Structures are given as structure tokens and as C-alpha cells.
Amino acid sequence: MSQISSGLTLQQLRYFIEVAAEGSISAAADLLYVAQPTMSASMKDLEARVGRALLLRSARGVTLTADGVEFLGYARQVVEQFALLEQRYLGRPPRRRLLGVSTQHYSFAVDAFVRMVKATDVAEYEFSLRESRTWDIIEDVRTLRSEIGILYRNDFNRKVIDKLLRESGLAFTPLFLADPHIFISRKNPLASKERATLDDLAGLPRLTFDQGANNSFYFAEEILSTLSSKQEIRVSDRATIFNLMIGLHGYTISTGIISGQLDPEIVAIPLDVDERIEIGWIGHAAIPLTDQAQRYLKELRAVVAEFGVALLD
């Protein structure tokens, strides 16, 4: 029953999916309560049977080869269809791992994720939401660690981002265009202004999200990344950046869409610059989205629409 074709088994496909998701053979083995040597041998046997290298092994873990990415797409479809058969005819519970999302630091992406999880009618589930660096988001989606990535483009970074996406077999789908805003504390003197200018920001600490080893201007999460600033602080997470907005009267530049529930002490003030921010999602160009991924995008569009932002078709 678990034999598929050419000697492949559903168990091998399930193992492979977990290895790809965890980026580690040992971590996948621990998750599935399988001995690490057994998992490693199963992956080597799988590669031998398909006649292609699917995993690149290193001291830091494993990543997928180009063949591995393609194989993972098919493996997921097979396992998901088999799970549907088991649910329909054997009364088996749905599989736990349902969706992975990687995103730049946007509260609306978190809001949509919360809604999606609440609307998922299963007793057990396993989702992942990673607020991450731009390069890592693209890598997560390229290797199918996440099915969807959320990031932005503008006139400055578009060519670089689009080239990297093409080389990774990914496609960018626009969601909406946003006018730039600064995010600041409600106690910041600029909070009372209808609009802020670059001159207004000159004496305030600029807060940006660190991009690690890929700290190129083109991968910056904020527009106007090439402008010099006398005071600059790089951070790695939203909680820290909000604390610095409150404690140091710092600012960051983003979309203007901010959740009052998630970020009650932060306000968005329009920034008077001739720029637009294009927010969109990325996914594999050749792999259809799962139903769960489509649910998430539906919730994402609904959250954005509630802020009065016009969605792009």
C-alpha cells in the first residue's frame, strides 16, 4: 500500500519532506522519532533510486539541490493526496504540517497568519511563521522550507530582486502599493505631525532590520537605504525595534499598515518622499499553491483591505 513506483515509498517521501523543512537530517529524525542513521540511510537510498542528488550536505545541515526542489514539489503533492484518501476513506486525522510562511517584518502578515490558523478546523496542526531577512526569505521559499514569502520591491531594488527570484525559479505576485510612512512611538514629537519630511528625521536614530551576511542596500527591508544617517541602529526583530522607537525616539520606514492590537504604542506618519513600496508574495513558479497557502493569501488580502488599501489584481 505504501509502495509507489520505482521502489519509492511514502515513508521515504515523508522523511524527505521533513528533512527539507528542518534543513537537517538529525532534526528531522528527532521530530519523527527515527534513529539518525536510519534517516540518513533512507535519504541516500532515495537519491540512489531516483538517480539524482537531492540534498547538499554540510556541517550546518542540508539544503536542496535544484533537482531536490523539483522533487519536493512532487513529493508533497503525492503525500498530500494520499493523506486526503486516508482522511476520506479511513477516517485518519489530517496531517500536522500544513503551511510555512517567511516574511519581512510586517504586522499585517502576522494578523493574517493568526486569522488563518483560527479558521483551520483541525484538532492538531503544525504551522511555521518566520520573520526573517530578505535573502533568507528567498532561500526559504526556494528550498520549500516555506511555501510563501512576503517581501517588497521598489524602483531601487527591483532588478536585483527579480534577477534573484528568476534564478531561484520563483515568481513575485504583487499584493498592493503603499506610500512610505515612518513608524514611531506615540510619544515622539513627530507623532503630532500630519506628514514628516527627511529633514524632520535628521536628528533621530534610524532603525533598520539587520540583513546579516547579505547586508546589501538592495536587500534592505527599508526604502532609502542608501541615504546616510548620523545615528543608526540595526536590529533583528520587531519587538526590539518597537522598544527602541519608544526608548530612543527612533524611527523606521515601512508601509503605514500597522496593527493597533499587535503594536498599540506605535503610530504611522506619512513620509513626504517621491517613492512607492510594492508589497507582494513569492512562491515557486512551477508548483501550484496548496489549499492552505491560498487560505493564507485570502486572509492577507482581507487584512490589508481593512486598512483601506487598494489591492492589486
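Me: At the start of α9, which backbone nitrogen does a side-chain oxygen of D237 reach?

Reply: A polar contact is a pair of N or O atoms within 3.5 Å; within protein, one must be able to donate a hydrogen and the other to accept it, and residues adjacent in sequence count only if both atoms are side-chain atoms. Here a side-chain oxygen of D237 comes to within 3.1 Å of the backbone nitrogen of A239. The model is predicted: local features need pLDDT of at least 70, side-chain atom pairs count only at pLDDT 80 or more, and totals for chains, interfaces and linings use all residues. Residues are numbered from 1 along each chain as its sequence is written, and side-chain values use heavy atoms, with hydrogens and water left out.

Me: Which residues of helix α9 are buried?

Reply: An α-helix has 3.6 residues a turn, so residues three or four places apart point the same way. In α9 (residues 238-248), R238, I241, F242, L244 and M245 are buried, that is, under 20% relative accessible area, with exposed over 50% and partly exposed in between (1.4 Å probe, protein chains only). These residues cover an arc of only 160° around the axis, which puts them on the same side of α9; the arc is that of the directions from the helix axis to the C-beta atoms. On the other side of α9, N243 and G247 are exposed.

Me: What follows α9?

Reply: Helices (H or I, at least four residues) and strands (E, at least two) are DSSP runs, numbered from the N terminus. After α9 comes H249, with a positive phi near 55°.

Me: Where is T9, and is T9 buried or exposed?

Reply: T9 is in the segment before α1 and is buried, at a relative accessible area of 17%. A polar atom of the T9 side chain lies 3.1 Å from the backbone nitrogen of Q12.
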